[in-house]
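Reader: I'm new to this one. Can you put it up and walk me through it?

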Amino acid sequence: MLCSAKQSLARLTLSNHFGEKSPSGKPHFSSFPSPQILKSRKSDLSASKPLYISSFDFKHFDKSKDSNSQKALTQCNAYEAHRSQPITINLDFANEEAQVVAGQRIKIGLYFATWWALNVVFNIYNKKVLNAFPFPWLTSTLSLATGSLMMLVSWATGIAETPKTDVEFWKTLFPVALAHTIGHVAATVSMSKVAVSFTHIIKSGEPAFSVLVSRFLLGETFPAPVYLSLLPIIGGCALAAVTELNFNMTGFMGAMVSNLAFVFRNIFSKRGMKGKSVGGMNYYACLSMLSLLILTPFAIAAEGPQMWAAGWENAVSQIGPHFIWWVAAQSVFYHLYNQVSYMSLNEISPLTFSIGNTMKRISVIVASIIIFCTPIQPVNALGAAIAIFGTFLYSQAKQ
Ligand code: 3PG
């Protein structure tokens, strides 16, 4: 293997970037850059005298004496083209590995923070729109239409790479899109009838639906702690429901149907996406487009253009012409939060994702109670806290 490198420059670079020389005078690398880092430091290795790499070997994992951290050492033998004897360079991965892990943590943290923030904004604008314009079928359709349009423009302008899909892809996506459509409309119907916080308290019961569907429809079994964790989830949701001051059966059932639909969406997603190469952002874009096609005829049948026109006029007369910006905000933020959540799912395990989702509900519940001054009794808050604590126990028991 030929490595073109300027040795004198390489030595200088090594002492500058990677630490000191060893007592033997041979350059000792205190860390070995990841391939990306190597790429970014390409200019450090400019050609003058060619270096021949005679061997490159992952030597061993060495447990450091004074720390518990493990070091991956790699030995690289190389010699200048005009030398006959190889020089030995020891490469140590530990620091770079730690940097890569820290970078990944920061990236996931940013994904989570963005996902929760976008979700809070979506929920606030969605409720503001629904208060003035109680047409959940149209608002659900508009959020899917806006997302679809944003992605079509991104593909057309090259902002995002157009995914390569085939008929098989769309066929496997169909059940996912159907479940997504039902879950989305049901949640929006729920939020049009009850407080945002109440919808999300009931939606924190989703793990219970997941276990019950997996157990009774798919025949999966779980360890006892998983079943036990359902007790606080179901008990907490039930306590919050019976003590809800503005309880409404349609609102309650909407959140329950949404939970059930999203459990099926997750099951179909897992089956449909095995071995497929469409990334999180484009997967969600395709899902939005197919859901839009499914939802539009039902939205027209359920509400229809005449009711929408009358309702719009009424909303604009109450709120003013800027009402349209509320609708735009709820639609754009709906797409963005889902897009980021699908991008996060690409990076993390389903378990970490479900913990992130529970934390997201806490942010939404707290933010919406503050912003809408939702009246909440202590016993109702206790029910919510028990249900959310149950979802944490569930996540731990599933590990
Ligand atoms: C929707 O409108 O689809 C729901 O608000 C989604 O809820 P979730 O993403 O918080 O489960």
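Author: A term to begin with: buried means under 20% relative accessible area, exposed over 50%, and partly exposed in between, with a 1.4 Å probe and protein chains only. Of the 399 residues of the chain, 46% count as buried. This is a predicted model, where local features need pLDDT of at least 70, side-chain atom pairs count only at pLDDT 80 or more, and totals for chains, interfaces and linings use all residues. Residues are numbered from 1 along each chain as its sequence is written, and side-chain values use heavy atoms, with hydrogens and water left out.

Reader: Okay. How many helices and strands are in the chain?

Author: The chain has 14 helices and four strands. Helices (H or I, at least four residues) and strands (E, at least two) are DSSP runs, numbered from the N terminus.

Reader: Which residues surround the ligand?

Author: Phe 122, His 184, Ala 187, Thr 188, Met 191, His 200, Lys 203, Phe 262, Tyr 334, Tyr 337, Lys 360 and Arg 361. A residue is near a molecule if one of its heavy atoms lies within 4 Å of it. By type, the shell divides into six nonpolar, three polar and three charged residues. Here Ala, Val, Leu, Ile, Met, Phe, Trp, Tyr, Cys and Pro count as nonpolar, Asp, Glu, Lys and Arg as charged, and the others, Gly among them, as polar.

Reader: Which helix gives the largest share of that shell?

Author: That is α5, with four residues. At least two each come from α5 (167-193), α6 (196-203), α12 (323-347) and α13 (350-371).

Reader: What lies 2.6 Å from an oxygen atom of the ligand?

Author: An N or O atom in the side chain of Tyr 337. For Arg 361, a side-chain N or O atom is 2.8 Å from a ligand oxygen. Tyr 334 has a polar side-chain atom 3.3 Å from an oxygen of the ligand. The protein covers 95% of the 310 Å² of accessible area that the ligand has on its own. Accessible areas come from the Shrake-Rupley method with a 1.4 Å probe; for residues, only the protein chains shown count as cover.

Reader: Back to α6. How many of its residues are buried?

Author: Eight of its eight. Among them are Ser 197, His 200 and Lys 203.

Reader: Why does Ser 197 count as buried?

Author: Because its relative accessibility is 3%. Ser 197 touches Ile 365, Ser 368, Ile 369 and Thr 374, not counting residues up to four places away in sequence. Contact means heavy atoms within 4.5 Å.

Reader: New topic. How many residues has the largest nonpolar core?

Author: It has 33 residues, and Trp 155, Leu 173, Tyr 283 and Leu 287 have the most contacts inside it. Such a core is a set of buried Ala, Val, Leu, Ile, Met, Phe, Trp, Tyr and Cys residues joined through side-chain atoms within 4.5 Å. The largest share of this core, ten residues, comes from α10. Apart from it lies another core of eleven residues, including Phe 133 and Trp 326.

Reader: And Gly 280, where is that found?

Author: In helix α10, which covers residues 280-302. Gly 280 is buried, at 6% relative accessible area. Leaving out residues up to four places away in sequence, Gly 280 touches Tyr 342 and Asn 346.

Reader: How far apart are Gly 280 and Met 343 in space?

Author: They are 4.7 Å apart, C-alpha to C-alpha, and 63 residues apart in sequence.

Definitions and conventions
A polar contact is a pair of N or O atoms within 3.5 Å; within protein, one must be able to donate a hydrogen and the other to accept it, and residues adjacent in sequence count only if both atoms are side-chain atoms.
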